Amino acid sequence: MRLSARVDYALRAAAELAAASGGPVTAEQLARAQAIPGKFLENILTQLRRAGLVRSQRGPVGGYWLARSPADISLADVIRAVDGPLANVRGERPEHVDYDGAARSLQQVWIALRASERSILESVTLEDVSTGRLPPTVRTLSEDPDAWAS
């Protein structure tokens, strides 16, 4: 799995918003906190707002905040908002690719890969990330990446 800079920045900015208590956080504050290029971040925040994950307010007391509780926004939600579907093959959903001959089983591999990604990314919320309290399965895999094979 390859995560784009856009996804990395979006997740980091969303985690900052999840950690912010109280009022709006400016794009400049988010950019500074996570060393994200300002213009790039503005585009990402616009995408997150259009997806209904972030709200914004203009003006001297303006900024951005999460539209829902951080416990109700998964990492998958953020990724889909800025990068589209979690897993695709040449821009197609795995169910829509067909292979012939010896490669026929690859479609099943791509579907399983997407399911595996989803099982992690949909189970981890912005609250989990911002508080450092990751689900046990994620902690186990991060401490012992070979544990899934057990």
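Here is a chat about how some labels on this predicted model come about.

Me: Before we start, what should I keep in mind about the model?
Reply: It's predicted, so local features need pLDDT of at least 70 and side-chain atom pairs count only at pLDDT 80 or more, while totals for chains, interfaces and linings use all residues. Residues are numbered from 1 along each chain as its sequence is written, and side-chain values use heavy atoms, with hydrogens and water left out.

Me: What makes up the secondary structure of the protein?
Reply: There are 7 helices and 2 strands, in the order α-α-α-β-β-α-α-α-α. A helix here is a DSSP run of H or I with at least four residues, a strand is a run of E with at least two, and both are numbered from the N terminus.

Me: Why is the pair of Tyr9 and Phe40 called edge-to-face?
Reply: Rings of Phe, Tyr and Trp (its six-membered ring) pair if their centres lie within 6.5 Å; planes under 30 degrees apart count as stacked, over 60 as edge-to-face and the rest as tilted. The centres of Tyr9 and Phe40 are 5.3 Å apart and the planes stand at 85°, so edge-to-face it is. A search of the whole structure finds 1 aromatic pair.

Me: What does that pair tie together?
Reply: Tyr9 sits in helix α1 (residues 5–19) and Phe40 in helix α3 (residues 38–50), so the pair links parts 31 residues apart in sequence.

Me: How do you know whether Tyr9 is buried or exposed?
Reply: Buried means under 20% relative accessible area, exposed means over 50%, and partly exposed is in between (1.4 Å probe, protein chains only). Tyr9 has 17%, so it counts as buried. Phe40 has 25%, so that one is partly exposed. Of the 150 residues of the protein, 33% count as buried.

Me: And what about Ala35, buried or exposed?
Reply: Ala35 comes out at 62%, so it's exposed. It lies in the loop between α2 (27–34) and α3, and has a positive phi of about 55° although it is not a glycine.

Me: How do you know that β1 and β2 pair?
Reply: Two strands pair if DSSP finds at least two bridges between them. Strand β1 (residues 54–57) and strand β2 (residues 63–66) have 4 bridges, in the antiparallel sense. As an example, Ser56 has Tyr64 in β2 as its bridge partner.

Me: Which glycine is in the turn of that hairpin?
Reply: Gly59, with a positive phi of about 110°; the hairpin has 5 residues between β1 and β2.
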